[in-house]
Every structure is written in C-alpha cells, then in structure tokens.
Number of protein chains: 2
Amino acid sequence: MTRDKLVQVAATLLDRGGEQAVTLRAVGHAAGLSHNAPYKHFRNRDALLAAVAIEDFEALTVAFTSVRSSPCSPKDKLLAALLSLVTFSREKPARYRLLFSAPSLAEANPELQARSAACLGEIVAMVDACKSVAELPDAPTKSLASLLLATVHGLVAMEANGILQPAKGLPTVEENLALMASLLSR
Amino acid sequence: MTRDKLVQVAATLLDRGGEQAVTLRAVGHAAGLSHNAPYKHFRNRDALLAAVAIEDFEALTVAFTSVRSSPCSPKDKLLAALLSLVTFSREKPARYRLLFSAPSLAEANPELQARSAACLGEIVAMVDACKSVAELPDAPTKSLASLLLATVHGLVAMEANGILQPAKGLPTVEENLALMASLLSR
DNA sequence: ACCTGAACACCGTTCAAGT
DNA sequence: ACCTGAACACCGTTCAAGT
C-alpha cells in the first residue's frame, strides 16, 4: 500500500538525516511519486511523522510483550526492556525523539497518545511482576513504572544532548541505570 | 546592544509561538531591523537559538547558586532547585526543550556544552552537601546528580508529551519526584 | 480513488551595495 | 562596523485538473 510505503520512507529519511531531512517533497520522490502525493494519505507533515511514531510505539510494545514471555526473572525482563529503549535511542535518535520529545505531535493526536499509553502499559506489567516477587519496593506500580521510564528517557536525552559526557567524569547511561536499580533493591 | 536585543526577541518568540515561530525574518522585524540583520550577529539560525539556550543556562546556574546560599537544609535546597526546573519547563517549554532536548544545537557548540556542564555542576554541589550530612545514599556524587537531573528531565518531558496523564491514574511530576526522594532516603 | 503540475506564501541563506 | 534589498533555492500547502 502506498500509505505504508510513505511511512517507511519517512522513517528511513529520519534515520539518515534527522527530522529536517523529512520534507514531504523528499518523501514523495523517494516513494516514486510526485511531491504532494503524501497529501492524499496524510493531512499534513505532522500527521506523517505521527504515523511513524505510532508504528514505532507498536513495535516497541510488541517487543516488550515478547520480553515479558521470556524465561528470565521479572527484574531481568524489566531491565532488558529499559535497555532496549536505550539502544533504540542510540540507533534511531530522530525516531526516538518523535516518541518522547515531540509535544506538538502528541498534542492533537489521540491515537499516538493511546499507543504511548499501551507501551507504558507493558512497563507497568513488568513492574507489577517484579513487585509480586518483591524485586521492587512496595510503592504504587504506576508510580514506579513512570519513574523508571522517566529515568531512562532523561538519561538518553542527556546523553544525546552532550550533557552526560564520560570524558568529564560523568557516568554512562548504563552506569546510571545500574545505580537506579541498586537504589530500588536496597 | 543589538545582539542582546535579538536574543531577547528570539526568547520572546519562543515563549509565544514555540520554535517554529522563531524565523530570522520575524526576529529581525520584531527588533526593528531588516530580515537578515540577525546574520550580522549570528552565523545562522541555530547559533541564535544556541545563544538563547546559553543565556537560560546562565540564569539557571545563577538561580541554583542563589538557592545554595539560602538557609534551607541541603535536601530542601536540592529539591527547590529541581522543582525550579519543573516550573521552567512548564512556563517556557520551548526554551526548556532548547536546553535538554535539542541535540543538534549542543553538538557543534562547545560554549553551550560548557554552560550546561556548569549548570549540572551546581546540582553536583548540592548533592555533595546532602551527602555530607547523610541525606543521600553513599553513591558517587556525580552519579547521583546526573541520575536526579535525568529523572526530573524525563518526567517533565513525559508530561509535555502527554504520557504522564493524571486522568489515566498516572502520578504527577511532583508525586514522582516525591517517590524518588523517598527511595533515596530509605 | 489516487495522482500530477502549477501556483502561493513563506523561509534560510548569500551577496552586492549602501552609511 | 553595521545594515538593507534583491535574489536563489528551497518548503508546506492548496487547488484545479487528469486517469
């Protein structure tokens, strides 16, 4: 389908040249269509970017579901999920930013909000599993889940922004996460 | 000075209409100059935005220094500093995003990186003061400081992205920070 | 239903020229 | 030194028209 191809092309352009590389003209051309063919499938540029974000949230949710059914301990599952987010942010920074650092996109897009909620729901489920075997403190599940997700996002955002520089004696994202884990399991 | 006026105009436009409202033409016009006067003071648009970010980092650093010399307990100082970041992100979201969610800006701007490092340095100092009176766990100071800053940034980013919706039973930024504080002081 | 091409109103950026 | 105005190459978006 043309629509799917446009979304895929947009994702590729995001990975190759960042958000500024995603012009609707480039998307149309790379899909072998005219410069405004995208308008036959998306209301505007933001709607196309939101479609990319929705697909990525879906893929993350599927990946998290898969992690949940793996034979690891609850805590290892949770850590694996969080670390996969770190990997995603490093390999596809522009697309990652669409998910967690693009307020204007989510603002008027209920479906995108629903997908991010579903993704967070997977984290909530993993946190719940940890709590049931006492691998996490006895705080509200949703609080722990949002706090953990926020920590991961904050760390990768700071890393991307050059604030977390190992050269300046600052710990890496992984070291920070390990510290967070040790603080939680005291 | 014209340069300062351009930076101030850019900041005002950011607050009023977000990053997309900051066109160099609008900046020049709002400063009573021609559409390309900004080029006499800044290499390009990114350099102007970076100048705004640098001023904001400086102001934050000054505010943090002031908090440090207040008569509160070390822990209250740290919390006050972190909460002032939350306030900043809510009142001036576009400018806040320039500080912590604009990788392309910091990438080729050593001065901006230095200012963000100085700002983080204030947090480090406050964390150190907490540790010296045993109000924080005995983990490396820089690790605790970066972890705390990351948590705050992650929370306000998730809030801005509509992921932290109190309507869906999720805790507010403040509630999450209180949980983080309680986890640290166990 | 889906696509194209021309057109409009913008923008960042450059450059020659003014004082 | 600092600013202006014209110009260039883009872009998002709209619209009439094609199949």
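## Two domains within chain A

In this predicted model, the C-alpha centres of domain 1 of chain A and domain 2 of chain A lie 28 Å apart. The domain assignment places residues 1-42 of chain A in domain 1 and residues 53-184 in domain 2. Where the two domains of chain A touch, domain 1 contributes seven residues to the contact and domain 2 contributes five residues. By class, the side of domain 1 of chain A that touches domain 2 of chain A is made up of three nonpolar, one polar and three charged residues.

The area buried between domain 1 of chain A and domain 2 of chain A is about 480 Å², and carbon and sulfur atoms give 63% of that area. On the side of domain 1 of chain A, Val7(A), Leu14(A) and Asp15(A) supply 69% of the area buried against domain 2 of chain A, more than any other three residues. Asp15(A) also forms a salt bridge with Arg95(A), in which the closest N and O atoms are 2.6 Å apart. The count between domain 1 of chain A and domain 2 of chain A is one salt bridge, and the rule for polar contacts likewise finds one residue pair across this interface, with both residues at pLDDT 80 or more.

## The fold of chain A

Along its principal axes, the C-alpha trace of chain A spans about 60 × 40 × 30 Å.

Over all chains, the structure holds 16 salt bridges. One of them joins Arg115(A) to Glu111(A), with the closest N and O atoms 3.5 Å apart. Both Arg115(A) and Glu111(A) lie in helix 7 of chain A, which covers residues 110-132, and they stand four residues apart, about one turn of the helix.

## How the two chains are related

Chain B is superposed on chain A by a rotation of 180° with 0.0 Å of shift along its axis, and the RMSD is 0.0 Å. That is the relation of a two-fold axis. Of the interface residues of chain B, 100% are also interface residues in chain A, so the copies meet through the same surface.

## The interface between chain B and chain A

The size of an interface is often given as the accessible area lost when the parts come together. Between chain B and chain A, the buried area is about 3,600 Å², with 65% of it given by carbon and sulfur atoms. In chain B, Leu147(B), Asn161(B) and Arg186(B) lose the most area to chain A, and together they account for 16% of what that side buries. The contact takes 42 residues from chain B and 42 residues from chain A.

Across this interface of chain B and chain A, the rule finds zero salt bridges, whereas it finds 13 residue pairs in polar contact, with both residues at pLDDT 80 or more. Several helices of chain B take part: helix 5 (93-100), helix 6 (103-107), helix 7 (110-132), helix 8 (141-160) and helix 9 (173-184) each supply at least two residues of the side of chain B that touches chain A. The largest share of that side, 14 residues, comes from helix 8 of chain B. By class, the side of chain B that touches chain A has 25 nonpolar, 13 polar and four charged residues.

Terms used. Residues numbered from 1 in each chain as written. Chains lettered and ligands numbered in written order. Predicted model: local features only at pLDDT ≥ 70, side-chain atom pairs only at ≥ 80, totals over all residues. Heavy atoms only, no water. Least-squares fit on C-alpha atoms with pLDDT ≥ 70 in both. Contact = heavy atoms within 4.5 Å. Buried area = accessible area lost by both parts, 1.4 Å probe. Salt bridge = Lys/Arg side-chain N within 4 Å of Asp/Glu carboxyl O. Polar contact = N/O pair within 3.5 Å; in protein donor to acceptor, adjacent residues only side chain to side chain. Nonpolar A, V, L, I, M, F, W, Y, C, P; charged D, E, K, R; others polar. Domains from an automatic or database assignment.
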